[in-house]
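Take the sequence and the coordinates below and read them side by side. The text after them goes from the whole chain to its parts.

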Amino acid sequence: MKTRSFSWAVIGLLMLAAPAAQAAQGPSTLRQAQGSGQAYPNKPIRFIIGSAPGSGPDIIARLMADHLYGAWGQRVVVDSRPGVAGIISAELALRAERDGYTWMMLTSQLFVATSVYPDLKFNLDKDFTSVSLIGTVPFVQMVNPQVPAKSIPELIALAKKSPGKLRYGSAGAGASEHLSGVMFTRLTGTDMLHVPYKGIPQAIVDTLAGEVQLTYAVYPAARPHVESGRLRAIGVTTPKRSPALPNVPAIAEAVPGYAMFGWYSIVAPDGTPPAVLIKVSAEVVKAAREPAFGEKLKALGIEIVGGGRKELDSFRSAERKRITELVKATGVKIQ
């Protein structure tokens, strides 16, 4: 009887100790991965991008995924979901579990789209929480070599000579490339036909084939075609020349007031555990600031920011104001 009484006493103490131990541990989500007791991440992470394979976001996402695999030993699977200027990717990300195993790449493209498309099923500013800001990048204005224009003034003159004859491709109506083209025609008083595609790679393919005469693409996607000479870089959309293309003028040099740029950041659905967000943010910022990895980004024309959650919050707020003003000024609307 004494032995049995002692046993129940020990069990009672253990039962009392368990809640105390849990309280001491706190809500450490890094140890709650699927109840396995393993630290986050303990299974593959899904990284959704709203652009087609071969696009700038796809290239950057895969670079980051490879780097994080080396750091964590866990796969980051890039899930390309192009369509409606990134809106499809956002809707998909919001249907995922809020467990830290679904991320989304947030870019200027989706910011533009959410400023022009009506009746969205989500609020980009409230439904996604910031993780980290990777960096910014210029768009490159590229023409088919058969186009008889080797400079921005020559392109403007050609467009004015044949109103509505020049066609430019974009990643879709309401995408950043679309806004880049609208801004160019508005500021130069020209008339060009916009041809929307499901992703920028297809727009580039048709520019190569001469189906459209020019397009705008972020430098990572434009680089191989410019370096090979298959497409001619006329200008970059940033206010100043890009270090990656020092001999290519900024469009603003010929068109005062012209300015557009792309950027790459990582967000997660709101409700993702804070401890996970903190860990992911720290690792991405560390990667961006690491010299070897940073050189890979710089080679793609990216100006590295390497900002954490607060930096991305501030950046998103400023970009929302900037993009809203640009959309209003250019008059871009999607019916």
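What follows covers the chain as a whole, then a sheet, a helix and the aromatic pairs.

The model is predicted, so local features require pLDDT of at least 70 and side-chain atom pairs count only at pLDDT 80 or more, while totals for chains, interfaces and linings use all residues. Residues are numbered from 1 along each chain as its sequence is written, and side-chain values use heavy atoms, with hydrogens and water left out.

The chain has 12 helices and 11 strands; these are DSSP runs numbered from the N terminus, with helices being H or I of at least four residues and strands E of at least two. Of the 335 residues, 54% are buried, where buried means under 20% relative accessible area, exposed over 50% and partly exposed in between (1.4 Å probe, protein chains only). The chain exposes about 15500 Å², and 55% of that comes from carbon and sulfur atoms. These areas come from the Shrake-Rupley method with a 1.4 Å probe, and for residues only the protein chains shown count as cover. Among contacts between residues at least 6 apart in sequence, 77% join residues at least 24 apart, a contact being heavy atoms within 4.5 Å.

Six strands form an open sheet in the order β2-β1-β3-β10-β4-β11, with mixed pairing; two strands pair if DSSP finds at least two bridges between them. β2 (76–80) and β11 (303–307) stand at the edges with a single partner strand each, so one side of each has no neighbour in the sheet. From one strand to the next, the twist averages 25°. Axes here are lines fitted to C-alpha atoms, for helices over the stretch in contact, and angles run from 0 to 180 degrees between N-to-C directions.

Within this sheet, β1 and β2 are parallel and share five bridges, with I45 opposite V76 in β2. Strand β1 (residues 45–49) also runs parallel to β3, joined by three bridges, and F47 stands opposite W103 in β3. Strand β10 (residues 262–269) pairs with β3 in the antiparallel sense over four bridges; there, V267 is the bridge partner of M104.

How many of the six residues of strand β3 are buried? Six of the six residues in β3 (residues 102–107) are, so the strand is largely enclosed by the rest of the structure. In a regular strand the side chains alternate between the two faces of the sheet. T102, M104 and L106 point one way from β3, and W103, M105 and T107 point the other way.

Helix α7 (residues 176–188) has 13 residues and reaches 18 Å from its first C-alpha to its last, close to the expected 18 Å; the expected span is 1.5 Å times one less than the number of residues. The helix is mostly covered, with 11 of its 13 residues buried, including H178, F184 and T188. G189 follows α7 and has a positive phi, near 70°.

The structure holds nine aromatic pairs. Rings of Phe, Tyr and Trp (its six-membered ring) pair if their centres lie within 6.5 Å, and planes under 30 degrees apart count as stacked, over 60 as edge-to-face and the rest as tilted. F111 and W263 form an edge-to-face pair, 5.3 Å centre to centre with 75° between the planes. This pair links F111 in helix α4 (residues 108–116) to W263 in strand β10, 152 residues apart. Both F111 and W263 are buried. The ring centres of F122 and F128 are 6.5 Å apart with the planes at 90°, so this pair is edge-to-face; F122 and F128 are buried as well. Ring pairs also link Y40, F47, W72, Y101 and W103 into a cluster.
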